[in-house]
Amino acid sequence: MFKYPMRVRDYECDVQRVVNNSVYQNYFEHARHEFLLLKGVDFSALAELEVNLMVTRVELDFKRPLRPKDNFYVTVEVEKVSRIQYAFIQHIHHHENDQLMVSARTLGVAVNAKGRPMASPHLDQLLVESE
């Protein structure tokens with residue numbers, strides 16, 4: 001399982017002094033991109049091949065809030081949902097006590113230059129390397 005460490009910045013918090021709910025999607029996306037880069041999947045290189053990775057659905061389950069200066073880590077796992085669809089299963093845990101803060105399930109597909117979903121050997125390779 002891929003783990004990516006991060007820290008809450010003050011400006012990511014709202015007036016209640018907790019991380020604003022929209023910011024969690026940024027955390028999850030950044031960790032996914034780092035995971036993909038580590039696995040050799042480069043968005044720019046794929047775009048040059050007219051293969052674009054697109055998010056089609058995001059589900060978030062909030063358990064506990066993060067606060068300013070909290071250290072945390074984001075985990076990333078990937079599973080194939082169908083011939084063309086992939087799910088990124090992610091969790092944010094507080095670094096100090098490993099407490100689960102937020103869970104996410106992000107569905108995505110690869111699309112060709114015409115915007116049509118397609119099977120992606122690049123994403124299939126993530127499954128092979130993750131096992």
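I count two strands as paired if DSSP finds at least two bridges between them. Helices (H or I, at least four residues) and strands (E, at least two) are DSSP runs, numbered from the N terminus.

**Entry: the model.** I am working with a predicted model, where local features need pLDDT of at least 70, side-chain atom pairs count only at pLDDT 80 or more, and totals for chains, interfaces and linings use all residues. Residues are numbered from 1 along each chain as its sequence is written, and side-chain values use heavy atoms, with hydrogens and water left out.

**Entry: strand β5.** I looked up the partners of β5. Strand β2 (residues 52–62) pairs with β5 in the antiparallel sense over 10 bridges. In this pairing I found F62 opposite V102 of β5. Strand β4 (residues 85–94) also runs antiparallel to β5, with 9 bridges joining them. There, I89 has R105 in β5 as its bridge partner. β4 and β5 form a hairpin with 5 residues between them, and D98 in the turn has a positive phi of about 60°.

Strand β6 (residues 117–118) is joined to β5 by 2 bridges, again antiparallel. A110 stands opposite M118 in β6. The hairpin of β5 and β6 has 5 residues between the strands, and G115 takes a positive phi near 80°.

I then checked burial (buried is under 20% relative accessible area, exposed over 50%, partly exposed in between, with a 1.4 Å probe and protein chains only). In β5 (residues 100–111), 10 of the 12 residues are buried, so the strand is largely enclosed by the rest of the structure.

**Entry: V23.** I placed V23 in helix α1 (residues 23–38). V23 counts as buried, at 11% relative accessibility. Its C-alpha atom is 6.5 Å from that of E12, which is 11 residues apart from V23 along the chain.

**Entry: rings.** I took rings of Phe, Tyr and Trp (its six-membered ring) as paired if their centres lie within 6.5 Å; planes under 30 degrees apart count as stacked, over 60 as edge-to-face and the rest as tilted. I noted 5 aromatic pairs in the structure. F2 and Y4 are stacked, because their ring centres are 6.3 Å apart and their planes are at 15°. F2 is buried at 14% relative accessible area, while Y4 is partly exposed at 22%.

Y24 and Y27 form an edge-to-face pair, 5.9 Å centre to centre with 85° between the planes. Y24 and Y27 are 3 residues apart in helix α1, so about one helical turn separates them. Y24 is buried at 2%, and Y27 is buried at 1%. Ring pairs link Y24, Y27, F62 and F72 into a cluster.
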